[in-house]
Amino acid sequence: MKVIGYIIQKEFKQIFRNKGMLPIIFVLPLLQLLILSNAATYEVKNILFAYIDEDRSASSRELIEKFNASEYFDVKASYVNYKQASEAMLKGEVSVLLHIPQDFERNLVRYKKTDLSITIDAIDGAAAGVESGYINQIIQGFNKKIRLELLSFSNGNSKPVRIETIPSFWYNTTLDYKTFMVPGILVLLVTMITLFLSGMNIVREKEIGTLEQINVTPIRKGEFIIGKLFPFWVIGMGLLTIGLILAKLIFNTPMLGSIGLLYFYTSFYLLVILGMGLLISNYTDTQQQAMFIAWFFVVIFILMSGLFTPIESMPKWAQWFTELNPIKYFVEVVRMVMLKGAGFTDILPQLIKTLAYAFVLNVLAVWSYKKVS
Amino acid sequence: MKRFLGFVRKEFYHIFRDKRSLFILFGMPVAQILLFGFAITNEINNVDIAVLNQSKDVNTQEITQKIDASKYFTIKRFLTSEKEIEEAFKKGDIKAVINFEKDFSEHLIKEGQGSIQILTDATDPNTASAITNYISSIIQSYQQQQNQGVQMDYQIHPEVRMVYNPELKSVFMFVPGVMTIILMLVSAMMTSISITREKELGTMEILLVSPLSSFQVIVGKVVPYIFLSMINAAIIIFLGITVFKMPIAGNLILLGLESVLFIITSLALGILISTMVKTQQTAMMISLMGLMLPVILLSGFIFPISSMPPPLQVISNIVPAKWFITIAKGIMLKGVGLGYLLKETLILIGMTVFFIALSIKKYKIRLE
Amino acid sequence: MKEENVIISKGLTKRFGGFTAVDAITFEVKKGEIFGFLGANGAGKTTAMKMLIGISNPTGGEAMVAGFDVHTQQDAIKKNIGYMSQKFALYDDLTVAENITFYGGIYGLSRKQIREKRTKLIETLGLGEIAHQLVGSLPLGWKQKLAFSVAMLHDPQIVFLDEPTGGVDPITRRQFWEMIYKAADKGTTIFVTTHYMDEAEYCHRVSIMVAGKIEALDTPKKLKEQFEVSSMNDVFLRLARNIE
């Protein structure tokens, strides 16, 4: 037990002495939390909007005014012909183009029916879908108003039915993306730091030759491993703490559930990550290899965690695959506890899977760590 | 020149001898692009939802069937009281509940108006608003069916055209993004680490006292990685075309050249990192921690830049990946030529020159 | 003086696949002896040493180190030996004092012992002024002397030195050997590999390994007589040539 103390002491000294590393461990992640949490939004706003108005009537101007007034659209330009406009779209200066043909107003009055054409840059398919929804809303609203103006009498023989849908957004009534992203990004940063540091730590001693010196000492393999990994566990917990404080102070992220429960879960979650780091260390000879493998897993874990894109939308095999993703569990737990106020029994399935994961990885890691070749 | 080529050859040997790293270098990008191409999508598919039907009449059953029949939703269960909603959300196995008011049909027939509540678990606001939109539009189309026969006058008929990606496939959006991430991180990381590694092992000094100029030493170290990254880019584009049916609307050669430019930009960034740090560990942490999330989040890979707060839109301009993603999407999906991508291309060239100039300056300071 | 063997090796063998790195070596080392373990690069010295210090499992044969079996009692061996490798093995980013504390700690010395040892060591090595400097900033010669002292920290019965004086200037080498003699006088057994032949002359007995086998083992004086040459260098060359 005393021996572990010496190793921990040594590790902390080395970490805190490396002046180049400290900001990377503590400042960089928190800076990213503050900045990047604002970036991760699917909300579609400031849509680059342009129009071609060949009608130049009161109605066409009124319709354009509607787009101008909408908070979603940012009217960038008007063009005289389609060629010019599509050029702008190719350049990426415009993403939605409204084309009002000649006789727009005349057709509406005379034939009681008129056409409009809208072109949407659909490379980002999801955004295009949302944009088309907004456009429809504006046009429908305009249409309704026009209709009321033009209909001098109610044509009352049959009244259309109307089904009203009332959306209600639970746990995040204002659809604030930051509420959603801050806990998630915090989880990513905690995971990345602990995995990278632990993954490279032992292999670094291998590379500079001190590991051999340690191996000829009577130290037990368990003592050595615990002593090595404990400092990173502490750093992970520390980062979580600072991150939570920032989340509360700056983003005012709701914390409905028990923070104690969150720490309880995190303390086991970090064992999964540290075990993984150790396993990577054992199977590599250089820091370069270790880092590449860690990078490979982290990119997969991040993009398949359900944080940025929903897991339900993935094909079945990929959904099954995410069961092996520890970040997924952490993201789920953080959201459940902080945003929904979930209790111990609610997160029990995630907790059990995490514990099993931690157990398997650490057994594998300790077993594959060899003092003797 | 001969000496220089000999040196480059040595660097190639280094890389190709290390079978494990080589496997990682080529195997991982392939695995990632395949995995992400299939799995990363922000389309809504088969979302599990629940229904709370308090009227159980013809209309509500028809609407329920219509929703269940769509590919977007699967009705996982039926709730019997409002109390159960909270429980279901907390458990997290359903994302939305459709709540029909009491006597829905009666209201609809007598008053011409019925209401349906759509409750979503908005801890994920992205999915929640998408779900709400999709359910609303299914209900709208049901409403239209009911209103057939009712004459609608003064109708404006908008015709919407989705260009460049008419099927709204998210894979078209993500393949250029994944390609960018892989090229950027692999190139920047590999160079920064392999240079700091020589520094740490002390072999850098030996190279510097050799008759090669320090510029040649650096270029020699970087050349093999340019080739490796080019092969990676080619593999990714090939998989994009064959597996994901990405259209290459523009010129493939231009895409190749732009990729080489972007690879060089990333390598220059890697060199810059290596001039600033002493140990491999620091180099790695900077290239991993410093680059990974900004490249994913600020490049327009997943989230639209135009929706970000203005300060972030400004910051995103310094992320090289943003410009390359614009270029890649432009060539692949829009089919534009260099004329349209001149600004982006010049910015990447400018960044490359800046990184290299800064590296040389830092390097000189250290030697004095 | 009672002849007590602290290292006994009988047919110790290590094979890597089809390649035999160490081929059935048999020898004994007596307590307090300075035993030189010579051989060209790649002759198998380091591999043999790694088996003796318990970080490599032998493929065959037997060996006892400090009275413990290398097959089964590797942990007990480690408590009783010190080791200094050809790679410099102290932490560059810790100070002199911190390195001593760390290694003392993992060998299980008490706080009091560590403090005493640290003070004494820093004093004898004359490192007082730089005790709180990072090891990375010291000249190589000082680092090597410090590494040797650290290997001796827990008063081991045997110290294994793997090419300890590589790259060090002649004066420092001289001082280094004085430290080795002092340790040997106190009864510590020294097992040292080297390829400096003048250093071989300082050893009580030397063995010379060629291609995984021990080809000669005796005192430097007797070896020179046997091969009828005037220096260990010539002994070595003669042996290497014979094999070829």
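This is a predicted model: local features need pLDDT of at least 70, side-chain atom pairs count only at pLDDT 80 or more; totals for chains, interfaces and linings use all residues.
Student: Is Asn252(A) buried or exposed?

Tutor: Asn252(A) belongs to the loop between helix H9 (221–251) and helix H10 (259–282) of chain A. Its phi is positive, about 50°, although the residue is not a glycine. Most residues other than glycine have a negative phi. Because Asn252(A) has 12 C-beta neighbours inside 10 Å, it counts as exposed.

Student: Is Ala147(C) buried or exposed?

Tutor: Ala147(C) is part of helix H5 (residues 140–151) of chain C. Between Ala147(C) and Ser85(C) there are 8.9 Å in space, C-alpha to C-alpha, although the two are 62 residues apart in sequence. Since 22 C-beta neighbours of Ala147(C) lie inside 10 Å, this residue counts as buried.

Student: Which two chains have the most contacts between them?

Tutor: Chains B and C can be set aside, as no contact joins them and their closest C-alpha atoms lie 12 Å apart. Chain C does touch chain A, where 20 residues of chain A are in contact with 23 residues of chain C. At the other interface, 101 residues of chain B are in contact with 100 residues of chain A. Among the two pairs of chains that touch, the most contacts are between chains A and B.

Student: Which helix gives the most to the side of chain B that touches chain A?

Tutor: On chain B, 101 residues are in contact with chain A. By class, this side of chain B divides into 51 nonpolar, 34 polar and 16 charged residues. Eleven of its residues come from the helix that gives the most, H6 (residues 125–146) of chain B.

Student: Which element supplies the largest share of the side of chain A that touches chain C?

Tutor: This side of chain A consists of 20 residues in contact with chain C. By class, the side has seven nonpolar, eight polar and five charged residues. The largest share, seven residues, is supplied by H1(A).

Student: Which strands form the edges of the open sheet of five strands?

Tutor: The order of this sheet is E2(A)-E1(A)-E3(A)-E4(A)-E5(B), with mixed pairing. Within it, E1 (residues 47–53) and E3 (residues 96–100) of chain A are parallel and share five bridges, with Phe49(A) opposite Val96(A). The edge strands each pair on one side only and are strand E2 (73–79) of chain A and strand E5 (155–163) of chain B.

Student: At about what angle does helix H6 of chain A run to E5(B)?

Tutor: H6 (residues 125–150) of chain A lies across E1, E3 and E4 of chain A together with E5 of chain B. The angle between this helix and E5(B) is about 165°.

Student: Which residue of chain B stands opposite Phe169(A)?

Tutor: Strand E5 (residues 162–170) of chain A and strand E4 (residues 113–121) of chain B are joined by nine bridges in the parallel sense. In E4(B), the residue opposite Phe169(A) is Thr120(B).

Student: Which residue in the turn between E1(C) and E2(C) has a positive phi?

Tutor: E1 (residues 5–16) and E2 (residues 19–30) of chain C run antiparallel, with eight bridges between them, and Ile7(C) is opposite Val29(C). E1(C) also pairs with E4 (residues 60–65) of chain C, in the antiparallel sense over five bridges. E1(C) and E2(C) form a hairpin with two residues between them, and a positive phi of about 65° in the turn belongs to Gly17(C).

Student: In which helix of chain B is confidence lowest?

Tutor: Chain B averages a pLDDT of 84, and 95% of its residues score at least 70. Confidence in chain B is highest in helix H10 (residues 252–276), at 93. With a mean of 70, it is lowest in helix H8 (residues 203–209) of chain B.

Methods
Residues are numbered from 1 along each chain as its sequence is written. Chains are lettered from A and ligands numbered from 1 in the order in which they are written. Two residues are in contact if their C-beta atoms, placed from the backbone, lie within 7 Å. Helices (H or I, at least four residues) and strands (E, at least two) are DSSP runs, numbered from the N terminus. Ala, Val, Leu, Ile, Met, Phe, Trp, Tyr, Cys and Pro count as nonpolar, Asp, Glu, Lys and Arg as charged, and the others, Gly among them, as polar. Two strands pair if DSSP finds at least two bridges between them. Axes are lines fitted to C-alpha atoms, for helices over the stretch in contact, and angles run from 0 to 180 degrees between N-to-C directions. pLDDT is the predictor's confidence in each residue, from 0 to 100. A residue is buried if 20 or more other C-beta atoms lie within 10 Å of its own, exposed if 12 or fewer, and partly exposed in between; C-beta atoms are placed from the backbone.
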